[in-house]
Amino acid sequence: MNRRIPLFSPKFDHKEIDAAKDALKSHFWASGAGVGRVSEFEQRFKKFTGCDECVAVNNGTDALHLALNILDIKKKEVLVPSLTFVTTVHSILYNEGIPVFVDVEPGTLCMDPNDLENKITSHTKAVIPVHFGGLPCNMARITKISKENSIHVAEDAAHACGSKYEGKMIGNISELTSFSFHPVKNLAMPKGGAITISSRNSKNMRKRLNSLRWCGIDKRQNSFYDVTSLGYNHYMDEISAAIGIEQLKKISKLNATRLEIAKRYHSDLNVSEKMPLSKGCSYHLYWIRVKNRKKVMKELRSHGIETGSHYRPVHSMAYYNVKIKLPVTDNIAKEVITLPMHANLKKDDVDFIIKTVNSLV
Ligand SMILES: Cc1ncc(COP(=O)(O)O)c(C=O)c1O
């Protein structure tokens, strides 16, 4: 039988299956009011990250969309890496803001604080650090620069569920942090995302986000309500929340397995440029950089090893097509390969991946 090693794969057992069955059997599958399992997930995620408030939504894109919505970025500049999933940047446009692309650091693929500082203008309203692959950005410098320039920080932690920066959980550092619980993510649901809030204004922000995720519905009294904003249909469903609660109970264990795999990749791959090793990283991805990417990816595919090329820079996509020089991003985009990374990988799979990559580079 031919070996096939997927790039991503959610790990689950009878706990998630039973929880999903119970949710289905309850006949209560979804509610914009965010009660039931959605509310339980929010409470648990709040405790996990240590944030003040947590608002569960339908996916990571919705989380970014709503987080930026309450920052009111219309006609304002928002600093964002180009080396990210496209909806990090779409979320700025959804809110009528202006994306300004920032380069990344070659060793981490996270936002370069020097380039960030250079690109701040009087029109800058916010910055979106993306914790690439789960490796936290240099939040000490990003926070300092943001404070000095009075700009908001809205982290994109789609990759970083369970990551820690200098001992502090991601989700409890900046005012707003967005998470994705897409099935490929460390904490997997059929569909899901969350915004964590850590601010003096947390309660009020939560109230606004609760309304925005449910079509602008507000001032609800039994079945009567008002609509006070142009909200969206962005709330999480109960089946996803049920699965998410079980995933959250084991996230530390799942992430520990990822860390062990990262240790193997880091020590045994004969590649000079690769993702650094860090205990605080959730290792959603593990990346290497090679000169002969096309050939390596093709060969790995022929051995049944699925790989990714995270990411083609957003500024180069046809819809954006921004003529800007981001030297590190542009270089990395030609060389980066992401290797299989998930808690279903067996030692034998990791051995095989390492042996095969080493034979090609
Ligand atoms: C960095 C980043 N931001 C945002 C998202 C969007 O998350 P979702 O797919 O849950 O909408 C993703 C998804 O892959 C991502 O990788």
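This is a predicted model: local features need pLDDT of at least 70, side-chain atom pairs count only at pLDDT 80 or more; totals for chains, interfaces and linings use all residues.
The lining of the largest pocket comprises 10 nonpolar, 13 polar and 3 charged residues. The volume of the largest pocket is about 410 Å³. Its lining counts 26 residues. Closest to the pocket centre are Phe85, Ala158, Ser180, His182 and Lys185.

Several elements contribute to this lining. Helix α3 (60-69) supplies at least two residues of the lining of the largest pocket, as do α4 (86-94) and strand β8 (176-180). At least three lining residues of the largest pocket come from domain 1 (14-249), and at least three come from domain 2 (251-358).

The second largest pocket holds about 260 Å³ of space. Thr143, Ser146, Lys147, Ser150 and Ile151 belong to its lining. The lining also includes His152, Val153, Ile173, Ser174 and Glu175. By residue class, the lining of the second largest pocket divides into 3 nonpolar, 5 polar and 2 charged residues.

Two elements can be named for this second lining. Helix α6 (139-148) and strand β5 (152-156) each provide at least two residues of the lining of the second largest pocket. The largest share comes from α6, with 3 residues.

Definitions and conventions: Residues are numbered from 1 along each chain as its sequence is written. Side-chain values use heavy atoms; hydrogens and water are left out. On a 1 Å grid over the protein atoms alone, a cavity is a set of points where a 1.4 Å probe fits but cannot get out, and a pocket is an open set with protein on both sides within 12 Å along at least five of seven lines; lining residues have an atom within 4 Å of a point. Grid points are joined across faces, edges and corners, and a volume is the space filled by probe spheres set on the points. Helices (H or I, at least four residues) and strands (E, at least two) are DSSP runs, numbered from the N terminus. Ala, Val, Leu, Ile, Met, Phe, Trp, Tyr, Cys and Pro count as nonpolar, Asp, Glu, Lys and Arg as charged, and the others, Gly among them, as polar. Domain bounds come from an automatic or database domain assignment.
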